[in-house]
Amino acid sequence: MTALTTKEPDFVSRVINGLLSVKPLAAFAKSRARAMMIQRAQRIGVNWPQRVEQLQGLDWQERFSQVQNPDVTYPAYYQVSFHAYEKGDLSWDAAWEAECAALTVHSTLWGGEDPEGDRKLRDSYHNALSTQLSTPPQNILDLGCSTGMSTFALQDRYPQATVTGLDLSPYFLAVAQYNNEQQQRTVNWKHAPAESTGFSPQSFDLVSSCLMFHELPQAPARAILAEAQRLLRPGGYLALMDMNPRSSVYATMPPYILTLLKSTEPYLDQYFTLDLEQALIEVGFEPPTIIPCTPRHRAVIAKRK
Ligand SMILES: C[S@@+](CC[C@H](N)C(=O)[O-])C[C@H]1O[C@@H](n2cnc3c(N)ncnc32)[C@H](O)[C@@H]1O
């Protein structure tokens, strides 16, 4: 973990940071990285341009109004560029490309290019989770659900449960709603900040969150842990799956690659330096169990006292 955050940036990283601060060069680097991602997607059988074109051609207005909560205010930390999308998560481009991007990024988790990488990541998380739960959960909340990939994985694992996906992006939720229709699913969607969900206390027995915490500064991350504690019944579980700061993959990653990664993930340093175990205990969880899911992801599973 220390290798990621306490070292001064090396010469190459400083040069890269300097280059990325020049807008046309940053735009060129992003378009190259994007072209390479799309090529990798094609190699694993994900037809990225075709999928996006198909989604673009749909009428989104109705789904958007169905899911959007007009009373939501967006925190400043959320209204920044993410993953090379200028408007971050608040854009149609990000929403239409989210699934292709996840399938592509996760295809290399175990080395090589595996079209099943994303499924294996989610299976591995659920296998870890099932070692901790004594009874199957009946009411499940998925925080930071995006277009529903993590939510549908929860529903597949616990088909008897009522499952709700919550996200701050109405664009992602509109695509999630489309996926609900296409896959004949029954997930409920909620447009709200995860730090202030509006649900009643003790209304869930499992709160799950996949791949959201690395996108958060520390203050909202702590607020979300406290909100999850409020939402869980006594004995309920909070389960987080995300990048593993202790993974040797990050410790040994060439600094210039890490610099490029951080240029699209604005809060990565804050995530890597957050003492998640301590933060969970401080808001009323038992000490968590941490289980590696992939060479660079972990599940952090904590029981509400
Ligand atoms: C990388 S995506 C993870 C998607 C999904 N859980 C998965 O496993 O594929 C992170 C999601 O967290 C959402 N998010 C970030 N901050 C949030 C917040 N404060 N409240 C609710 N959702 C948030 C983003 O909008 C985005 O959809």
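Analyst: Happy to. In this predicted model, α6 passes α9 in a right-handed crossing. On the α6 side, the contact is made by Trp92, Ala94, Ala95, Trp96 and Glu99, while α9 brings Tyr171, Phe172, Ala174, Val175 and Asn179.

Now for the geometry. Helix α6 covers residues 92–105, and its axis is 8 Å apart from that of α9. The two helices pack at an angle of about 45°. Because angles from 65 to 115 degrees count as roughly perpendicular and those under 35 as roughly parallel, this value makes α6 oblique to α9.

From here we can follow α9 to the sheet. Helix α9 (residues 170–182) lies across β2 (162–167) and β3, and its direction is at about 170° to β3.

The sheet itself is open and has 7 strands, in the order β3-β2-β1-β4-β5-β7-β6, with mixed pairing. Strands β3 (188–191) and β6 (289–294) each have a single partner strand, so they stand at the edges with one side left without a neighbour in the sheet. From one strand to the next, the twist averages 20°.

Further along that order, β1 (residues 139–143) and β4 (residues 204–210) run parallel and are joined by 4 bridges. Within this pair, Leu141 stands opposite Val207 in β4.

Conventions:
Residues are numbered from 1 along each chain as its sequence is written. This is a predicted model: local features need pLDDT of at least 70, side-chain atom pairs count only at pLDDT 80 or more; totals for chains, interfaces and linings use all residues. Side-chain values use heavy atoms; hydrogens and water are left out. Two strands pair if DSSP finds at least two bridges between them. Axes are lines fitted to C-alpha atoms, for helices over the stretch in contact, and angles run from 0 to 180 degrees between N-to-C directions. Contact means heavy atoms within 4.5 Å. Angles under 35 degrees count as roughly parallel, over 145 as roughly antiparallel, 65 to 115 as roughly perpendicular and the rest as oblique. A crossing is left-handed if the near helix is turned anticlockwise from the far one by less than a right angle, and right-handed if clockwise.
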